[in-house]
Amino acid sequence: MSFKIQIEGSDVAFDCASSENLLDAAMRQGIEMPYSCRKGVCGNCKGRVVQGELVVGTQGGSQEAGIRQPDEHLFCRAQPASDLCIAPKTWHRVDPAARKTLQAKVFKKIQVAPDVTLLHLRFPAGVRVKFKAGQYLQVLLPDGQRRSYSMANAPHESDAVQLHIRNLPQGHFSAALLKNLQVGEMLTLELPHGDFWLRQDSERPMLMVAGGTGFAPIKSIVDHIVRQKLQRAVHLYWGARTQEGIYAADVLTRWAQQLPGLVVHTVFSDVTDANTWSGRVGLVHDAVRADYADLSGWDVYACGGMPMVTALRDVCAQLGLPDANFYSDAFVG
Ligand code: FES
């Protein structure tokens, strides 16, 4: 059974079956809403159901996912039991045909840290793919599974992609397949995906926070800012366990010359002897809490593990940041 889903304050509506969630149905019909994990964990897809009923068991969500009010729901979980009127946090129309599936050739594979591999993939000659700085792609694996990785290159480099892959010991792609992947081999990609991208219509200063390989989409965004000569203040925090986790120090050095206003902090969580260490020690969201008294006038972009993103969202809220100005992409296992 299918229902009509109206977006509050607009004449836009889409169809959604009672067996489908609101987010998937909207995206299938070219309406993009905020999301990240699509597993009911990160809270990015939270919105209000103004009118109508949801299928029992698909309502609500956890406190951790930011659900506080009875009319708030996670749209990646919510399924309609009647026609609905909904109020997503933001929405916009996209062209579903803009997403492409293509073969890309492994051009370079570089181990840049004990647990991080940089993969450079080239599209076939003459093929270019439009994406926004910060978005991700999916690698389509032979067994039908998919793995998501952010593009680390800026959108003007549209004939190739650079991926930063954390080598998880049990990772289906990052351990089993990546290890044997050779230069010259082909991978099937689908792109672009994702709501984590640079909002260029804002002039607010930007606080960018990366955890580990969450640096990849941040790199795409900052490279895009450099390329576009955007006049935005950028403060960057990059959290890693040890200094080896700052696997793109050359990029930070380049940005220091290209973006005079850039402020960079590296923060290390696993340095036990602070006396022999001159950098910052601790968790990256604590560093943000220590450094700012008021974030109400900022835009915050965060990418990393779910615990980091969740903790940072709370810190930012405590420091006055409106939820609509917190953009995040969280890794969910
Ligand atoms: S909770 Fe719905 S996208 Fe993460």
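## Contacts along the chain

In this predicted model, residues 24 or more positions apart make up 69% of the contacts with a separation of 6 or more. Of the 333 residues of the protein, 40% count as buried.

## Overall build

The secondary structure comes to six helices and 19 strands. The radius of gyration is 20 Å, close to the 20 Å that the globule rule gives for 333 residues, so the protein is as compact as a globular protein of that length. Its C-alpha trace spans about 60 × 50 × 40 Å along the principal axes.

## Domains

The protein is divided into three parts: domain 1 covers 2-93, domain 2 covers 96-193 and domain 3 covers 206-331. The centres of domain 1 and domain 3, taken over C-alpha atoms, are separated by 30 Å.

These two domains touch. Eight residues from domain 1 and seven residues from domain 3 take part in the contact. On the side of domain 1 that touches domain 3, three residues are nonpolar, three are polar and two are charged.

## A look at His193

His193 lies in strand β13, which covers residues 186-193.

Arg99 is 94 residues from His193 along the chain, yet 7.7 Å separate their C-alpha atoms.

Note on methods
Residues are numbered from 1 along each chain as its sequence is written. This is a predicted model: local features need pLDDT of at least 70, side-chain atom pairs count only at pLDDT 80 or more; totals for chains, interfaces and linings use all residues. Helices (H or I, at least four residues) and strands (E, at least two) are DSSP runs, numbered from the N terminus. The radius of gyration is taken over C-alpha atoms; the globule rule is 2.2 Å times the number of residues to the power 0.38. A residue is buried if 20 or more other C-beta atoms lie within 10 Å of its own, exposed if 12 or fewer, and partly exposed in between; C-beta atoms are placed from the backbone. Domain bounds come from an automatic or database domain assignment. Ala, Val, Leu, Ile, Met, Phe, Trp, Tyr, Cys and Pro count as nonpolar, Asp, Glu, Lys and Arg as charged, and the others, Gly among them, as polar.
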